[in-house]
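Keep the sequence at hand as you go.

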Amino acid sequence: MSFSEYIQTVRAVLESLSPPEIVSVSRERENFRRKLIAHMAEITKHHGWYMPSFTSFILLDASVYSVEFQELAKSPDGFPWAVWKIFGINHLIDMAMTVYFQGIRTELEQWQKMGELVLESIYSSYCSENCFKRPADCSICTRPLYHETTTTCGHKFHVSCLEKWMLENTTCPLCRYEL
């Protein structure tokens with residue numbers, strides 16, 4: 001199989017995966033990480049590869065990522081699905097290309113299993129409830145509020161949006177409370 005066919009086939013296998021039906025939220029993340037690394041070593045025939053395992057979405061903010069990521073994060077499948085589609089699949093495709101050029105031929109079932117492990121890692125990661133649904137919008141820029149600041153009057157905005165507002169105004173953009 002040519003390089004192009006191989007990568008297209010691996011991508012098709014990964015793209016066909018769906019979110020796990022049962023998400024295990026457990027404190028045994030280290031055991032799960034070991035399972036992911038062991039399978040990666042089986043695929044690559046090497047034990048020094050780096051494979052990120054997702055542990056938290058707390059620092060991710062969809063508003064700083066591409067428009068494609070932001071749109072996926074707004075979908076009913078939400079933030080974890082966007083992480084899988086934009087970061088998870090691309091990382092595994094990078095790995096598949098490297099493995100191919102090293103002369104290692106890995107069966108598609110192995111890539112499917114690796115994809116399932118990465119998906120499980122993403123979906124079992126710690127996240128706020130906003131990860132699984134679209135949060136409220138910032139009233140200033142109308143983008144989703146994944147990370148916000150709260151004014152003394154209780155309204156929420158992106159920090160950068162509120163800073164820009166405060167350059168010209170000293171009141172809350174919603175209720176005009178003096179800030």
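**A walk through the helices**

R176 lies in the segment after α6. Phi of R176 is near 65°, a positive value in a residue that is not glycine. The model is predicted: local features need pLDDT of at least 70, side-chain atom pairs count only at pLDDT 80 or more, and totals for chains, interfaces and linings use all residues. Residues are numbered from 1 along each chain as its sequence is written, and side-chain values use heavy atoms, with hydrogens and water left out. Helices (H or I, at least four residues) and strands (E, at least two) are DSSP runs, numbered from the N terminus.

C175 also lies in the segment after α6, a helix that spans 159-166. C175 counts as partly exposed, because its relative accessibility is 40%. Here buried means under 20% relative accessible area, exposed over 50%, and partly exposed in between (1.4 Å probe, protein chains only). Not counting residues up to four places away in sequence, C175 touches C153 and H155. Contact means heavy atoms within 4.5 Å. C175 and H155 are 20 residues apart along the chain, and their C-alpha atoms are separated by 8.6 Å.

A second residue with positive phi is T142. Its phi is near 65°, and T142 is a residue other than glycine. T142 lies in the loop between α5 and β1 (149-150). T142 counts as exposed, at 53% relative accessibility.

Now turn to helix packing. Two packed helices are described by the angle between their axes and the distance between the axes. Axes are lines fitted to C-alpha atoms, for helices over the stretch in contact, and angles run from 0 to 180 degrees between N-to-C directions.

Start with helix α1 (residues 3-15) and helix α5 (residues 108-123). Their axes come within 9 Å and cross at roughly 40°. That makes α1 oblique to α5. Angles under 35 degrees count as roughly parallel, over 145 as roughly antiparallel, 65 to 115 as roughly perpendicular, and the rest as oblique. The crossing of α1 and α5 is right-handed. A crossing is right-handed if the near helix is turned clockwise from the far one by less than a right angle, and left-handed if anticlockwise. On the α1 side, Y6, T9, V10, V13 and L14 take part; they meet L108, W111, Q112 and G115 in α5. This contact has six nonpolar, three polar and no charged residues. Ala, Val, Leu, Ile, Met, Phe, Trp, Tyr, Cys and Pro count as nonpolar, Asp, Glu, Lys and Arg as charged, and the others, Gly among them, as polar.

Next, pair α1 with α4. Their axes come within 10 Å and cross at roughly 150°. The two helices are therefore roughly antiparallel to each other. This crossing, too, is right-handed. The residues of α1 in the contact include F3, Y6 and I7, while those of α4 include W84, K85 and I89. The contact divides into 13 nonpolar, one polar and three charged residues.

Which residues of helix α3 (residues 67-74) are buried? They are F69, Q70, L72 and A73. These four cover an arc of only 165° around the axis, which puts them on the same side of α3. The arc is that of the directions from the helix axis to the C-beta atoms. The face turned away from the buried side carries exposed V67 and E68. The cover over the buried residues includes α4 (78-101).

Finish with H39, in helix α2 (residues 29-44). H39 is buried, with a relative accessible area of 3%.
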